[in-house]
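Here is a friendly walk through one protein model, from its overall layout down to a few individual residues. Keep the viewer open as you read.

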Amino acid sequence: MKKLVFLLVLMMVLSGCGKETPVMETVDDEIVEQVAAEPKPMAVWLPDGAAKQTMAGAGECYTWGECELRLQTLAGGDIRATLEQLTGLSPDALTVMEYERDGLQLYQTVWSSAGEEGITLGRCMVADDGEFHYCLSLLSPEGTDTSEDFAQICASLDLTGEKTIEK
């Protein structure tokens, strides 16, 4: 009899008797689609004499004197890819300043390139709101001092939609 009770207890232990029932997850058939965010309208201050030019692709282009300002909105995410697209250089070859203003992550860099017309200086700022990259790129000949203009353009960046391009 002891052997029989022992065998029954042994069989119960080996068969998993007394284990807790595993908790199962349930799956719902409802598909929730997120609504894609729309890019915000960009507004900046422009120097006197700035004229809007036609530009292939998305964005706007303004020129004054020998300077060219490009305003573009690109998909957010990879800031390195955005900087490479704007400058034509690997981000490892750039010195990038990163800071925050008004809830936006901002990135600024400068570069130069040699061409048939001489050396061109480039400055760009990228404002990242988490969804999109709002890009300002200023190209000018080497001898042209555009630092004050670029500083004012960057400081005036408005993504609220309340302002328009200011001249």
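Helices (H or I, at least four residues) and strands (E, at least two) are DSSP runs, numbered from the N terminus. On that basis the order of elements along the protein chain is α-β-β-β-α-β-β-β-β-α, which amounts to 3 helices and 7 strands.

A word on how to read the values: this is a predicted model, in which local features need pLDDT of at least 70 and side-chain atom pairs count only at pLDDT 80 or more, while totals for chains, interfaces and linings use all residues. Residues are numbered from 1 along each chain as its sequence is written, and side-chain values use heavy atoms, with hydrogens and water left out.

**Confidence**

The score pLDDT is the predictor's confidence in each residue, from 0 to 100. Its mean over the protein chain is 85, with 81% of the residues at 70 or more. Helix α1 (residues 2-14) has the lowest confidence, a mean of 65, whereas β7 has the highest, at 95. Where pLDDT is low, the predicted coordinates should not be read in detail.

**Surface and packing**

Accessible areas come from the Shrake-Rupley method with a 1.4 Å probe; for residues, only the protein chains shown count as cover. The protein chain has an accessible surface of about 11,700 Å², and carbon and sulfur atoms hold 52% of that. Of its 167 residues, 30% are buried (under 20% relative accessible area; exposed is over 50%, and partly exposed lies in between). Taking contacts (heavy atoms within 4.5 Å) with a separation of 6 or more, 51% link residues 24 or more positions apart.

A nonpolar core is a set of buried Ala, Val, Leu, Ile, Met, Phe, Trp, Tyr and Cys residues joined through side-chain atoms within 4.5 Å. The largest one here has 23 residues, and V44, L69, L136 and L157 have the most contacts inside it. Two or more residues each come from β2 (60-64), β3 (67-75), β5 (104-115), β6 (118-128), β7 (132-141) and α3 (147-156). Another core, of 10 residues, lies apart from it and includes L74, L83, L86 and C135.

**A few residues to look at**

| Residue | Relative accessible area | Class |
|---|---|---|
| C135 | 0% | buried |
| T109 | 4% | buried |
| C61 | 6% | buried |
| D92 | 63% | exposed |
| D102 | 72% | exposed |

What about the cysteines? The whole structure holds 0 disulfides (a disulfide being a pair of cysteine sulfur atoms within 2.5 Å). For C135, the nearest cysteine sulfur belongs to C124 and is 7.4 Å away.

T109 sits in strand β5. Beyond the residues up to four places away in sequence, T109 touches L83, T87, L94, T95, V96, G122, R123 and C124. The T109 side chain also reaches the backbone oxygen of T95 at 2.9 Å.

D92 belongs to the loop between α2 (79-87) and β4. Which side chain does D92 meet in a polar contact of 2.9 Å? The partner is R80, where a polar contact is a pair of N or O atoms within 3.5 Å; within protein, one must be able to donate a hydrogen and the other to accept it, and residues adjacent in sequence count only if both atoms are side-chain atoms. D92 and R80 are 12 residues apart along the chain, with their C-alpha atoms separated by 8.8 Å.

Finally, D102 lies in the loop between β4 (97-101) and β5. Its phi is near 55°, a positive value in a residue other than glycine.

Methods:
Buried means under 20% relative accessible area, exposed over 50%, partly exposed in between (1.4 Å probe, protein chains only).
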